[in-house]
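Colleague: Could we go through this model together? I would like to start with the packing.

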Amino acid sequence: MELLGQRWVLRIVWELEPGALGFLELRRRMGNCSSSVLAARLALLVEKGIALKLADKQYELSPRGAALGRSLWPVWDWASADAP
């Protein structure tokens, strides 16, 4: 839970959920996340086995990370629902 509570971690997982991305494309999608923070969070996600760094320098979710990514869909559905 400590890992998931770190700023930008869930956003990175969310962005990688559909498929692999290179650092620059991921950085573009992350908006105001600095390159140094993004690099640090990616390194941490790779270290923890949630993301993989591919030979072509793209990042993708590991099977464990993909399960986490899929678990975010109900939260997205909740957030997207019209408020009463």
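Colleague: Leaving aside its neighbours within four places in sequence, which residues is L26 in contact with?

Modeller: Apart from those neighbours, L26 is in contact (heavy atoms within 4.5 Å) with I12, E15, L16, L21, L38 and L42. This is a predicted model, in which local features need pLDDT of at least 70 and side-chain atom pairs count only at pLDDT 80 or more, while totals for chains, interfaces and linings use all residues. Residues are numbered from 1 along each chain as its sequence is written, and side-chain values use heavy atoms, with hydrogens and water left out.

Colleague: And which residues have the most contacts inside the largest nonpolar core?

Modeller: Those are I12, L16 and L26, in a core of 20 residues; such a core is a set of buried (under 20% relative accessible area, 1.4 Å probe, protein chains only) Ala, Val, Leu, Ile, Met, Phe, Trp, Tyr and Cys residues joined through side-chain atoms within 4.5 Å. Two or more residues each come from α2 (9-16), α4 (35-47) and β3 (58-61), where helices (H or I, at least four residues) and strands (E, at least two) are DSSP runs numbered from the N terminus.

Colleague: How do the axes of α2 and α4 cross?

Modeller: Their axes, lines fitted to C-alpha atoms over the stretch in contact, with angles from 0 to 180 degrees between N-to-C directions, come within 10 Å and cross at roughly 75°.

Technical notes: Buried means under 20% relative accessible area, exposed over 50%, partly exposed in between (1.4 Å probe, protein chains only).
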